[in-house]
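Dear colleague,

Please find below the structure that I am handing over to you. My notes on it follow.

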Amino acid sequence: MRLPLRVVSALSVVLFSLLPAAAGATPGMPDGCGELALSDRAAVHERGSTAEDVFVGRVDGVLPGVLPGGGTAGASEHRVFVQVPLKSDLPAGKYVQVTFTPTDEVPDRTLRVGVRYIFFTRGSAPAELRADACDGYVIASGLDQAGVVRLREYLAVPPAPVETPGSTLSEPPADADSTPDLGRLLAPGGAISLIGVLGLVLISRLGRQKF
């Protein structure tokens, strides 16, 4: 059965509109790692503050880690092509080796070959870069030039502190006196002095009447 031309055209438009979303949708790790809201300035700055290098890179290969005594139970070594340095002296267009540091929850981490990630690493390049097996990466799907500029700003400039109610002093009204009136300051002392004088006069009179 042949579909009408209008129906075929409509289906083509719908499928084409879904392609970018499908291509950029990469399932997250089942352990919940590798997640970071790239639009959250505070979260991005906090994650980047613990890293020496932050960059966008494409995973081109993964080799199982080799233990000193042999075997392949060590952390996997990722061959990463540096595409965009965000907070790093690493040059774009070079390969580095990223090894994920195992944690109690994540003994090993293996990323997908051919996918772009934002890496948060420590150590010296090119063969000694290490990243946390849970917080050392986040997928860079859909990251454009504007997003790169925004991330560089987030990583370089800390977020402004949030002011809580009652933590700031309010300015006095414009018609308020800058200093208290002198009469107001002397009024309590004057009242006390007057009371003292009246008391002495009263005692003096009582003394005269007694004698």
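How much space lies in the largest pocket? The answer is about 180 Å³. A pocket here is an open set of points on a 1 Å grid over the protein atoms alone, with protein on both sides within 12 Å along at least five of seven lines, whereas a cavity is a set of points where a 1.4 Å probe fits but cannot get out; lining residues have an atom within 4 Å of a point. Grid points are joined across faces, edges and corners, and a volume is the space filled by probe spheres set on the points.

Before the other findings, a note on the source. This is a predicted model, in which local features need pLDDT of at least 70 and side-chain atom pairs count only at pLDDT 80 or more, while totals for chains, interfaces and linings use all residues. Residues are numbered from 1 along each chain as its sequence is written, and side-chain values use heavy atoms, with hydrogens and water left out.

The overall chain

The chain has four helices and six strands, in the order α-α-β-β-β-β-β-β-α-α from the N terminus on. Helices (H or I, at least four residues) and strands (E, at least two) are DSSP runs, numbered from the N terminus. Of the 211 residues, 24% count as buried; buried means under 20% relative accessible area, exposed over 50%, and partly exposed in between (1.4 Å probe, protein chains only). The chain exposes about 14600 Å², of which carbon and sulfur atoms supply 61%; accessible areas come from the Shrake-Rupley method with a 1.4 Å probe, and for residues only the protein chains shown count as cover.

The pocket and the cavity

The lining of the largest pocket includes Glu46, Arg47, Phe120, Arg122, Arg130 and Asp132. H2, S4 and S5 each supply at least two of the lining residues. By class, this lining has three nonpolar, three polar and six charged residues. Ala, Val, Leu, Ile, Met, Phe, Trp, Tyr, Cys and Pro count as nonpolar, Asp, Glu, Lys and Arg as charged, and the others, Gly among them, as polar.

There is also one cavity of 30 Å³ or more. Its lining consists of Leu38, Val44, Val54, Leu86, Ile118, Phe120, Leu151 and Leu155. Strand S4 (116-122) and helix H3 (145-156) are the elements that give two or more residues to this lining. The lining of the largest cavity has eight nonpolar, no polar and no charged residues.

The disulfide

The structure holds one disulfide, a pair of cysteine sulfur atoms within 2.5 Å. It joins Cys33 to Cys134, with 2.0 Å from S to S. The pair links distant parts of the chain, 101 residues apart: Cys33 is in the loop between helix H1 (5-24) and helix H2 (41-49), and Cys134 is in the loop between strand S5 (129-132) and strand S6 (137-139). The link is left-handed, with -95 degrees about the S-S bond. Cys33 is buried, with a relative accessible area of 5%.

Two further residues

Ala37 also has its place in the loop between H1 and H2, and is partly exposed at 43% relative accessible area. Ala37 and Val138 are 101 residues apart in sequence and 9.2 Å apart in space, C-alpha to C-alpha.

Arg41 lies in helix H2 and is partly exposed, with a relative accessible area of 25%. Leaving aside neighbours within four places in sequence, Arg41 is in contact (heavy atoms within 4.5 Å) with Glu153, Tyr154, Val157 and Pro159.

With kind regards
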